[in-house]
Structure formats: structure tokens, C-alpha cells
Amino acid sequence: MRTLILAAIATLVLATISLFIGVSDVSLPALLSGTADPRAVEVFFISRVPRTLAVILAGSALAISGLVMQIIVRNRFVEPSTSGTMESAALGFLVVTIFAPGWPLMAKMVVSALFALGGTALFLRILRYVPLRDVLLVPLVGIMLGGVIGAVTTFFAYRFELMASLLAWEVGDFSGVLRGRFELLWFGLAGTILAYISADRLTVAGMGEDFTTNLGLNYKAVMTLGLVIVSIVSAVVLVSVGAIPFLGLIVPNVVSLLIGDNMRRTVPWVAIGGAAFVLACDIIGRLVRFPYEIPISVVVGVIGSFVFLYMLLRSKRGTANG
Amino acid sequence: MIITSEVTKSYGTSCVVDGVSLTLPKGGVTSIIGPNGAGKSTLLSMVSRLMSMDRGTVTIDGLDVSKTSGDVLARRLSILRQDNHMTARLTVEDLVSFGRYPYTKGRLNADDRVHIANAIGYLDLTALSGRFLDELSGGQRQRAFVAMVLCQDTDYVLLDEPLNNLDMKHAMGMMRLLRKAADELGKTVVLVLHDINFASWYSDHIVAMKHGKVAAQGPAKQMIRPDVLSGIYEMDIKVHEIGGQLISVYYG
């Protein structure tokens with residue numbers, strides 16, 4: 001518990017650093033004493049605060065959706081971008097953008113979430129026919145499914161001249177976040193809270209169908225609950241900031257190595273870890289080529305692939321289950 | 001009392017369990033024996049509602065397992081199948097604690113903690129309670145699963161091959177423990193066993209299955225007979241009485 005509080009404080013420090021990085025000069029003392037340039041203060045509240053909040057909300061929600069996915073699929077290497085979920089969310093968003101461009105963002109997000117749900121359900125359905133439930137075969141199937149769905153999305157985006165929008169959804173980037181353009185991410189927090197409330201049920205489902213039935217739970221219902229959490233979070237993040245790869249793999253796996261898979265204990269760690277990791281990556285992305293920026297998905301992708309490789313090699317030495 | 005009536009299960013054209021009607025009395029230890037593919041595990045899975053049946057009904061103390069809510073059944077009956085692949089990294093204590101889930105829905109009180117500590121103690125796992133399951137040997141893991149099922153504290157305890165992966169000492173310890181659960185706590189224990197000597201020594205009733213049907217059933221003493229066993233297993237089995245217990249010899 002104490003280490004968890006320390007981790008939360010460290011995350012807050014990162015968040016504070018994140019607030020005061022940027023071209024426009026706002027400093028903490030000036031802001032507090034009221035002597036800051038009014039234009040800079042405006043920038044602070046319209047751009048900096050929303051951006052930092054968006055980073056925290058998206059980071060924790062994506063890490064949680066990865067955790068939920070890994071528990072219910074019972075595979076360490078699945079997350080929304082290795083199970084066709086993100087690609088399905090993008091397809092849904094494209095479909096609603098083509099057929100109902102005037103709908104409010106909220107409605108578009110719902111359509112996107114429904115597609116994500118359908119795509120992930122299809123992934124689970126396909127897994128039933130995979131004879132060997134090999135640890136690495138499962139995410140490979142997901143990546144292939146994502147590839148097929150992504151190809152369909154690209155085809156229609158090209159036909160309807162929406163390639164630029166599609167690119168924006170597929171490459172996560174926080175630089176465009178302003179007040180009024182990130183509020184949907186609060187639904188991500190709702191997903192995190194829902195995961196915490198249902199932590200015991202999801203952990204039981206992670207023990208497999210027989211154990212779940214023995215303990216008196218409806219396996220299908222718990223699986224559906226997990227899928228709904230993952231789909232909503234994926235759609236929300238995709239619609240507001242774009243996809244961020246690897247995040248849902250790294251954070252939950254590191255937490256699992258350290259403290260195991262009992263979600264009652266891991267959900268707070270994964271949420272805080274996800275926020276801290278994305279905050280750190282976002283700060284790096286903004287400092288490397290200051291005053292320019294590297295998109296978050298690139299920074300997370302580079303750091304994430306190294307961590308991921310390390311985990312893969314480590315799991316070879318360790319247990320067979322990875 | 002567990003009553004199965006005309007329970008049937010087929011895969012494609014092969015009928016694995018063929019119209020089994022059985023009455024298992026309340027209390028005591030009942031072992032289901034029989035050759036591979038006789039339908040023992042399938043029957044146990046259907047009795048414990050892990051598997052649906054094609055035909056027939058199963059009632060436990062009058063509750064129809066296919067109609068009663070899973071939550072109610074989870075407080076009457078617990079089941080452990082064989083070959084449990086657990087990918088979740090849980091500690092022994094976490095796993096055993098989940099045995100209380102049907103009562104607590106995750107919020108453990110002092111009484112639950114006593115149950116958990118007792119179950120871990122019975123299975124000789126106290127020293128390992130903080131270890132992750134993937135750090136244990138197969139036998140230790142099997143004991144952890146049984147501890148979880150005992151922690152569920154149900155009137156009926158169904159175990160499929162509970163002696164899997166256990167060495168002689170722990171296999172005997174497990175059977176003694178189940179005997180004690182039946183004698184002192186009034187549990188009804190139903191096992192699928194391969195070792196007929198374990199079945200003979202520790203059970204009250206034996207049900208023998210063959211080709212998806214009940215080939216014979218009765219008190220253990222009447223079942224462990226050369227003619228009965230040889231017919232079931234289609235091999236020559238001799239039975240000796242050693243120290244008042246019937247021991248089958250079938251080597252050589």
C-alpha cells in the first residue's frame with residue numbers, strides 16, 4: 001500500500017513536469033503569484049492541462065484494457081492492438097464518419113465501441129478453432145485479423161478520401177489535444193473503475209471456464225463484461241488521441257511479474273503504471289527535438305519494443321506459460 | 001443424495017455416457033473406477049454442470065443441476081477436474097481464498113480467513129502459501145487446487161483424479177484427508193480413481209463404468225472381487241486380503 005502511494009506521488013510529479021513543458025513560457029511560481037502573462041495562463045488551461053489529463057487518462061485506460069484482455073483471454077501477449085480490437089474500432093469510426101458525418105463525437109464513439117466489441121468477439125471465436133493454443137500463436141492470429149480489418153478500413157478510407165483522418169486515428173498523438181477535445185477520455189476512467197469493481201469476477205474468469213462455473217459465476221457473462229470494458233476503452237482512446245501500441249502489453253506484464261495476477265491488487269498498479277509510463281514517454285517525445293514533437297506512438301513503440309523483447313527472452317528462460 | 005437419471009452424452013456418433021441412472025447416497029466416499037474411455041470424467045462433469053448433457057437429469061438434494069442457479073450450486077457442490085492449466089499468476093493463498101467466492105463475492109471476513117488457513121494447513125501448504133502457482137511442482141499445484149475446493153466447504157466434493165502428480169506419501173495423505181472430510185465433517189466425496197487399491201482401501205462405495213454404462217456398483221467390499229474386476233478391466237486380477245483390506249494384484 002505504501003509503495004502504491006509512492007508510485008502515485010511519482011506519477012503526480014511527472015504530471016507536474018508535463019504541465020510546464022512547452023513553447024509558451026508558463027512557470028509554477030508565476031502562475032501561483034498571479035504575475036504570469038495572461039496569454040500564457042490561457043494556453044495553460046486550454047492546452048497544457050487538457051493534454052496532461054489526456055495523457056494520464058489514456059495511459060491508465062489503455063493499460064487496464066490490456067490487463068483485462070490478458071486475463072480473460074488467458075494469454076500474456078494480447079492487448080487491443082494484437083487482437084483486432086483497435087482496428088475494428090477504427091473501421092467503426094470510419095463507417096460512421098462516412099455514413100453519418102454530422103453525428104456528435106459521443107455517438108461516433110459508441111458506434112466505434114460496438115465495432116470493437118464485434119471484432120474482439122470474432123477474435124475469440126476464431127481462437128476456438130485454433131487447435132494449438134500456443135502462447136505466441138494467439139497474438140499472431142489477432143495481428144492477422146487486425147491486418148485484414150485494417151486493409152478493409154484502408155480501402156474504404158482511400159475510396160472516400162479519408163486517408164488523412166485514418167492516419168490520425170492510427171498514430172496516437174497528444175499534440176492536438178485541447179480543451180473540448182479530450183473529455184471523452186473520462187469514459188476511460190469509467191472503464192478503469194469498472195475493472196476494479198469487477199476485479200474478483202475477472203480474476204476468476206482468468207482461472208478458466210471450469211473454475212468459474214465451479215465458483216458459481218456465469219463464464220459467458222463475465223467474458224462479455226471484460227470485452228465491453230476493453231471495447232469502450234479502445235474506442236474512446238482511438239477517437240480522442242489515436243492508437244498507442246504496446247502500452248497494454250508492457251505495463252500489465254511488468255506488474256504481473258512483480259505482484260501476480262490477482263486483479264484486486266493489480267488494477268491500481270496497472271492504472272498508475274500506465275499513466276506514469278505514457279507521461280514519461282510524452283515528456284521524452286516533447287524534449288528530444290524541442291520545440292518540435294515526436295508523436296507518442298513512436299516513443300512508446302521504440303521503448304515498448306525493447307521492453308517487450310526483454311520480456312519475451314525472459315519468458316523463454318522462465319516458465320513455459322510466459 | 002445425487003441422483004442421475006438416463007444421463008447421456010455423445011460426441012458425433014460415439015456415445016460416451018449412455019443412459020446412466022445412478023443413486024449416490026449422502027455421506028461417505030464413493031469412487032468411480034473403470035478403464036480409459038469408460039465415461040467416468042464425462043459423467044462427473046455432467047453431474048457438476050461443467051458439461052451439458054444430451055439427455056437425462058441430475059439432481060443434488062433435489063436440485064436439478066441444469067436449472068438451479070450456478071451460485072446456489074457453488075455452495076452445495078464443488079468440482080475439480082484433472083489437468084488444470086492455470087495461466088494466471090496467483091499465489092497459493094489467493095487461489096485458496098477464491099474458494100470462498102460463492103459466499104463472500106470477494107470480501108473476506110474473519111470466518112473466511114479461518115477456512116482459508118485451515119484448508120492450506122490440511123494440504124500441508126502453509127510454508128508455500130505466498131508462492132506463485134507457476135513456481136510450484138505439479139504435485140504441490142494439485143494440492144493447492146484441492147485446498148481451494150475444500151475451502152469452498154460444500155456438502156458434495158467431486159474430484160476427478162485427485163491423485164494426479166502426487167507421490168505416494170501425498171497420495172495417501174490426500175485419501176486420508178478425504179476420508180476424514182467424509183467421516184468427521186459429513187461431506188459426500190465422489191472421486192474418479194484409477195488405482196483400484198486406493199479405491200478399495202479408502203472408499204465406502206464403488207461404481208464401475210465400462211463403455212459409457214455402469215457395469216457394477218456396490219459397497220467396496222463386494223466390488224473388489226476377482227470376477228467383478230476382471231470383467232470390468234478385461235484382464236486377470238487377483239484379490240488378496242492383507243491386514244483386513246482387499247488388495248488387488250494384477251502385475252506380471
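This is a predicted model: local features need pLDDT of at least 70, side-chain atom pairs count only at pLDDT 80 or more; totals for chains, interfaces and linings use all residues.
In what order do the strands of the open sheet of 4 strands in chain B stand? The order is β2-β1-β4-β5, with antiparallel pairing.

Residues are numbered from 1 along each chain as its sequence is written, while chains are lettered from A and ligands numbered from 1 in the order in which they are written.

Let us start with chain A. Chain A has 14 helices and 0 strands, where helices (H or I, at least four residues) and strands (E, at least two) are DSSP runs numbered from the N terminus. Its radius of gyration is 20 Å, close to the 20 Å that the globule rule gives for 322 residues, so chain A is as compact as a globular protein of that length. Here the radius of gyration is taken over C-alpha atoms, and the globule rule is 2.2 Å times the number of residues to the power 0.38. Along the principal axes, the C-alpha trace of chain A spans about 65 × 55 × 35 Å.

Of the 322 residues of chain A, 49% count as buried. A residue is buried if 20 or more other C-beta atoms lie within 10 Å of its own, exposed if 12 or fewer, and partly exposed in between, with C-beta atoms placed from the backbone. Contacts tell us about the fold too: two residues are in contact if their C-beta atoms, placed from the backbone, lie within 7 Å. Among contacts in chain A between residues at least 6 apart in sequence, 77% join residues at least 24 apart.

One helix of chain A deserves a visit. Helix α13(A), residues 263-287, has 25 residues and reaches 35 Å from its first C-alpha to its last, close to the 36 Å expected at 1.5 Å a residue. That expected span is 1.5 Å times one less than the number of residues in the helix. In α13(A), 19 of the 25 residues are buried, so this helix is largely enclosed by the rest of the structure.

Now turn to chain B, whose secondary structure comes to 10 helices and 12 strands. With 252 residues, a compact globule would have a radius of gyration near 18 Å, and the 18 Å of chain B agrees. The C-alpha atoms of chain B fill a box of roughly 50 × 45 × 35 Å, taken along the principal axes. Of the 252 residues of chain B, 44% count as buried. UniProt, in an unreviewed entry, places the feature "domain: ABC transporter" at residues 2-236 of chain B. Its positions are given in the numbering used here, feature names are shortened, and annotations may be inferred rather than shown by experiment. Over residues 2-236, chain B is 37% helix and 26% strand, and the end C-alpha atoms are 33 Å apart.

Back to the sheet from the opening question, with order β2-β1-β4-β5 in chain B. Its edges are β2(B) (14-24) and β5(B) (63-64), each with a single partner strand, so one side of each is left without a neighbour in the sheet. Two strands pair if DSSP finds at least two bridges between them. Strand β1(B), residues 2-11, runs antiparallel to β2(B), and 7 bridges join them. The bridge partner of B:S10 in β2(B) is B:C15.

Another place to look is strand β3(B), residues 28-33. In β3(B), 5 of the 6 residues are buried, so this strand is largely enclosed by the rest of the structure. It runs parallel to β8(B), residues 188-192, through 5 bridges, and B:V29 has B:V189 as its bridge partner in β8(B). Strand β3(B) also runs parallel to β9(B), residues 205-210, joined by 4 bridges. There B:S31 partners B:I206, and B:I33 stands opposite B:A208.

From β9(B), 6 bridges lead on to β10(B), residues 213-219, in an antiparallel pairing. The two strands form a hairpin with 2 residues between them, and B:H211 in the turn has a positive phi of about 50°.
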